[in-house]
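This report describes selected features of one protein chain. Please keep the sequence and the structure in view while reading.

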Amino acid sequence: MNSGGEIHTSTSLHAKAWAEEYELIDRQLSPLGLRAMAELNLLPGETVFDIGCGTGQTLLQLADRVGEEGRIYGVDISRPLLDVAERRVSYRNSIRLIEGDAARLELPDSADAVFSRFGVMAFDDPVAAFSNFRRALKPGGRLAFCCWRALRDNELDRLPLIAAGFAGAADETPFSFSDPDHVRSVLAAAGFKRIAIRPHDEAVTSGDVDAMTRVLMKIGPLGKIVRENPSIHSAVEPKLRTALADVGKGPDVALSASVWIVTASI
């Protein structure tokens, strides 16, 4: 079992890696987040909470949809990620950043919508977290998020692990919402209605072999293993690079990502 110190160190390393490579990560994840965001059908002037807003790309995308008369609150527990977000969104008066655990935070306004791009899978008590989000919504408020389906369905995470020889060693936390029945039961217990969970598959990329290698060596299941065991970096990187080169059919290397697009309302 991990000690509190080990968990804190792991989280800090993850945030540092994400902050270093946020532009490449944004390129990879943006199409998936936008697919979930489209389900909200946002209108000018609406208020939205972005749960796990990270380095801020989704904040800007949401702000574009609600306009300057709207309001976007970005919530994240990681100071290093919020530091990046702060620089990126400082010119948008409609965006406010909040540092804290969204599951327990008393959110400062009533919202028309709650959104998340892969920011809802690691709550200790997901029912309590989503109950908190429901309380923050206005009557008729909407929820939309994307989350990972099973590791076995995600080439984006599975191929790097297989290439490195760690297929059986993945952290399952990012896939805690891979069972749609579990997701549905969490949302229902939190008081949400009209729950819809749809599969979505899309090839995503951070760029060429060099870019994809940089990202996948720092982020995702393989990235976690390498961050926590830096001595293996030099042995793992050429294996991953070779596997990605074998996949690449052009200047960019795309791998299939499999997610759930989840929507609900109150």
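## The annotated region

The model is predicted.

## One face of helix α4

Helix α4 comprises residues 79-89, and its buried residues are L81, L82, V84, A85 and V89. Seen down the axis of α4, these buried residues fall within an arc of 155°, so they line one face of the helix.

## Helices α6 and α9

Two packed helices are described by the angle between their axes and the distance between the axes. The axes of α6 (residues 155-164) and α9 (residues 220-228) come within 7 Å and cross at roughly 45°. The two helices, α6 and α9, are therefore oblique to each other.

In this contact, α6 contributes D157, P160, L161 and A164, which meet G220, P221, L222 and I225 of α9. Six of the contact residues are nonpolar, one is polar and one is charged.

## Two residues with positive phi

N41 is not a glycine, yet its phi is positive, at about 50°. N41 is found in the loop between α2 (22-38) and β1 (47-51). With a relative accessible area of 58%, N41 is exposed.

F118, also not a glycine, has a positive phi of about 60°. The loop between β4 (111-117) and α5 (126-136) holds F118. Is F118 buried or exposed? At 14% relative accessibility, F118 counts as buried, because the cut-off for buried is under 20%.

How values were computed:
Residues numbered from 1 in each chain as written. Predicted model: local features only at pLDDT ≥ 70, side-chain atom pairs only at ≥ 80, totals over all residues. Heavy atoms only, no water. Buried < 20%, exposed > 50% of the residue type's maximum accessible area, 1.4 Å probe, protein only. Helix = DSSP H or I, 4+ residues; strand = E, 2+ residues; numbered from the N terminus. Arc of directions from axis to C-beta. Axes fitted to C-alpha atoms, helices over the stretch in contact; angles between N-to-C directions. Parallel < 35°, antiparallel > 145°, perpendicular 65-115°, else oblique. Contact = heavy atoms within 4.5 Å. Nonpolar A, V, L, I, M, F, W, Y, C, P; charged D, E, K, R; others polar.
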